Amino acid sequence: KIKPIVDKAIPYLDKKIKEDYDDLIKYKVKLSNKNAGDIQIQYLYMRSFFPEYKIAAASQTAYDYYRGQAQKFWLSNSKYMQAMIALALYRTSDEITPKAIIRSLKENSISKEEMGMYWKEWTTGGYYWHQAPIESQAMMIEAFTDIDKDVTTIDDLKTWLLKQKQTQNWKTTKATAEACYALLLGGSN
């Protein structure tokens, strides 16, 4: 039942990313500057789930441009977006950038035996969806599970997630769904 929806959605989204790129050309934006925002990063992440769908020839230039933007400017994005970029690039055969992102994320994390591994940004939350602590931690677990594969690190990430449930709650159904997905991905007991 879902396949017909996906069959229509993928070409539609490919067309939309091409329109984003065409707007850059139309308005004579300097292409060497950072022009990939959250939507383009989400597109790359989404596209990484569907390698069996060939990118339309008309959209290939736009895809390649935004993929290159993600590789070049990943550091200037939020931690959530960095994890999303790492996953998108890793799934599309970039061996170098995802490992650099994971290394950077590890270096910028806080690790405490009782609380596990997390990032300072998670303690304050934020206004935007990509600043939500539970969803962000779930994205980190997905990235570290796929790319790093270090069970100890993954368990530390899960510890923080479980501590949040123990001391507060997972505020939304979206947060709960993301947390459950992340906890079931891998790691140890």
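Author: A residue counts as buried when its relative accessible area is under 20%. The model discussed here is predicted.

Reader: Is tyrosine 63 buried or exposed?
Author: Tyrosine 63 has its place in helix H3. The cut-off for buried is under 20%. The relative accessible area of tyrosine 63 is 9%, so this residue is buried.

Reader: How is the pair of tyrosine 65 and tyrosine 66 classed, from its ring centres and planes?
Author: The structure holds nine aromatic pairs. In this one the ring centres of tyrosine 65 and tyrosine 66 are 5.2 Å apart. Planes over 60 degrees apart count as edge-to-face. The planes of tyrosine 65 and tyrosine 66 stand at 70 degrees, so the pair is edge-to-face.

Reader: What is the relative accessible area of tyrosine 66?
Author: Tyrosine 65 is buried, with a relative accessible area of 15%. Tyrosine 66 is buried too, and its value is 1%.

Reader: Which residues do ring pairs link into a cluster?
Author: Tyrosine 65 and tyrosine 66 form an edge-to-face pair. Ring pairs join these two with a further tyrosine, and the cluster is Tyr65, Tyr66 and Tyr21.

Reader: How many residues apart are tryptophan 119 and phenylalanine 144, and which parts of the chain hold them?
Author: The two rings form a tilted aromatic pair, 6.2 Å centre to centre with 45 degrees between the planes. Both residues are buried. Tryptophan 119 is in the loop between strand E2 and helix H6, and phenylalanine 144 is in helix H7 (residues 133-148). The pair links distant parts of the chain, with a separation of 25 residues.

Reader: At what distance from the ring centre of phenylalanine 49 does arginine 91 lie?
Author: A charge sits over a ring only if it is within 6 Å of the ring centre. Lysine 165 has its charged end over the ring of tryptophan 170, at 5.4 Å from the centre. Arginine 91 lies over the face of phenylalanine 49, and the distance from the ring centre is 4.3 Å.

Reader: How far does helix H4 reach from its first C-alpha to its last?
Author: Helix H4 covers residues 79-91, which makes 13 residues. At 1.5 Å a residue, the expected span is 18 Å. The reach of H4 is close to that, at 18 Å.

Reader: How many of the 13 residues of H4 are buried?
Author: The buried residues of H4 include Lys79, Tyr80, Ala83 and Leu89. They pack against H2, H3, H5, H6 and H7. H4 is largely enclosed by the rest of the structure, because the count of buried residues is 11.

Reader: Which residues does alanine 83 touch, not counting those up to four places away in sequence?
Author: Alanine 83 is found in helix H4. Its relative accessibility is 0%, so alanine 83 counts as buried. Beyond four places in sequence, alanine 83 touches Leu105, Met139, Met140 and Ala143.

Reader: Which residues does tyrosine 80 touch, on the same terms?
Author: Tyrosine 80 also lies in helix H4. At 5% relative accessibility, tyrosine 80 counts as buried. Residues up to four places away aside, tyrosine 80 touches Trp122, Trp129, His130, Glu135, Ser136, Met139 and Met140.

Reader: How far apart are the end C-alpha atoms of H7?
Author: In H7, 13 of the 16 residues are buried, so the helix is largely enclosed by the rest of the structure. At 1.5 Å a residue, H7 should span 22 Å. The separation of its end C-alpha atoms agrees with this, at 21 Å.

Reader: Which residue takes a positive phi just after H7?
Author: H4 is followed by serine 93, with a positive phi near 70 degrees. Just after H7, a positive phi of about 60 degrees belongs to lysine 149.

Reader: Which residues lining the largest pocket are the closest to its centre?
Author: The largest pocket has a volume of about 300 Å³. H6, H7, H8 and H9 each supply at least two residues of its lining. Of the 18 lining residues, the closest to the centre are Ala132, Pro133, Ile134, Gln168 and Lys171.

Terms used:
Residues numbered from 1 in each chain as written. Predicted model: local features only at pLDDT ≥ 70, side-chain atom pairs only at ≥ 80, totals over all residues. Heavy atoms only, no water. Phe/Tyr/Trp six-rings, centres within 6.5 Å; stacked < 30°, edge-to-face > 60°. Buried < 20%, exposed > 50% of the residue type's maximum accessible area, 1.4 Å probe, protein only. Helix = DSSP H or I, 4+ residues; strand = E, 2+ residues; numbered from the N terminus. Lys NZ or Arg CZ within 6 Å of the ring centre and 35° of its normal. Expected span 1.5 Å × (residues − 1). Contact = heavy atoms within 4.5 Å. 1 Å grid on protein atoms, 1.4 Å probe; cavity = no way out; pocket = protein on both sides within 12 Å on 5 of 7 lines; lining within 4 Å. Points joined across faces, edges and corners; volume = space filled by probe spheres on them.
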